[in-house]
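Me: Could we go through this model together and check where its labels come from? I would like each term set against its cut-off.

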Amino acid sequence: AGTLLLVVFAAPALVAGQQTPAQSREPGLAVPPRPGVSSDNPLPLTLEQVIEMALANSNDLAVARFDTEIAGLDIVAAEGAYDPLLASFNFYDRQVAPVTSLIGGGANGKLTQTSASGNIGARGLTPWGGGRFEVDLRASRLTSDNLFTTFNPQYSSSLQGRYTQPLLRGFRFDQPRRQLAIARRRADLSDADLRLRATDVITNA
C-alpha cells in the first residue's frame, strides 16, 4: 500500500515539472521590434501602388532598362555608316611677277594675278544594294591686271557625280547592313528581356 501511494503522489509532481518549461517559454514567443519599422502608423497601399513601387525599386529591372537603352544606341551607331561625309576645300593665291617686255601686258613693270578656288563634295553609302555615291562641285575665279586679257575676272565651275553599284558581292548583304541587322536583333532581345523581368517583378510583388 505504501508503494501505491508513492506513485500516486509522484505523478502530479512529474506533470507539474513538465509544464513548467512550457510556461516559461510562452513569454519568449513575442517578436522583438525591428529597427526603423513601426506598426503604429500603417500605410495602406493599393495593388497599383505596390506594383509601381516594386518596378521602381528593382535593381534587376534597372539593369535591363540600361541594356535596352544601350541596344538603342547601338542601332543609332550602326545607322551612322550611312551618314554622308561632307568635305570642302578652298584655295587662294596671289602672284606678282616683274614684266621685262613691252608686250608683257603688265602696267608699271609688274603683273598681278589672283586666283581663288574651292570645292564642296559629299560621299557615302546607300542602305540598299551596297552602292556608293560621290558628288563634287568645283568653282574658281581668276583675276589679272594683264592689259591683253579679254575676260577679267574669269570664272569656271564643274559638277561631277559618281555612283558605284556592286553586281554580285555585297549586293544583297554587306558589312554595314550586317552590323545594323545585329544591332536591331539585340534591341529586340533586350526589349523582350525587359518585359520578362518586369513580369517577374510584378508576380513577386
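Me: Where do Asp-191 and Arg-195 lie, and how far apart are they?

Reply: Both are in helix 4, four residues apart, about one turn of the helix. Helices here are DSSP runs of H or I with at least four residues, strands are E runs of at least two, and both are numbered from the N terminus. Keep in mind that this is a predicted model, where local features need pLDDT of at least 70, side-chain atom pairs count only at pLDDT 80 or more, and totals for chains, interfaces and linings use all residues. Residues are numbered from 1 along each chain as its sequence is written, and side-chain values use heavy atoms, with hydrogens and water left out.

Me: Why is Arg-195 called exposed, and what is Asp-191 called?

Reply: Buried means under 20% relative accessible area, exposed over 50%, and partly exposed in between, with a 1.4 Å probe and protein chains only. Arg-195 has 57%, so the label is exposed. Asp-191, at 30%, counts as partly exposed.

Me: Which residue does Arg-197 pair with?

Reply: Arg-197 forms a salt bridge with Asp-193, the closest N and O atoms being 2.9 Å apart. These two are also four residues apart in helix 4, about one helical turn. Both are partly exposed: Arg-197 at 32% and Asp-193 at 29%.

Me: How many salt bridges does a search of the whole structure find?

Reply: The search finds five. One of them joins Asp-136 and Arg-123, at 3.9 Å from N to O. Asp-136 lies in strand 3 and Arg-123 in strand 2 (residues 110-125), so this pair ties together parts that are 13 residues apart in sequence. Asp-136 is buried, at 14%, while Arg-123 is partly exposed, at 38%.

Me: How do you know how helix 3 runs relative to helix 4?

Reply: Helix 3 (residues 59-79) and helix 4 (residues 175-204) pack at about 165°, with their axes 8 Å apart. That makes the two roughly antiparallel, a label for angles over 145 degrees, whereas under 35 is roughly parallel, 65 to 115 roughly perpendicular and the rest oblique. Angles run from 0 to 180 degrees between N-to-C directions, and the axes are lines fitted to C-alpha atoms, for helices over the stretch in contact.

Me: What puts Val-201 in the buried class, and where is this residue found?

Reply: Val-201 is found in helix 4, and its 16% relative accessibility counts as buried.

Me: What share of the protein chain is buried, and in what order do its elements run?

Reply: Buried residues make up 16% of the 205 residues. There are four helices and four strands, and from the N terminus the order is α-α-α-β-β-β-β-α.

Terms used: A salt bridge is a side-chain nitrogen of Lys or Arg within 4 Å of a carboxyl oxygen of Asp or Glu.
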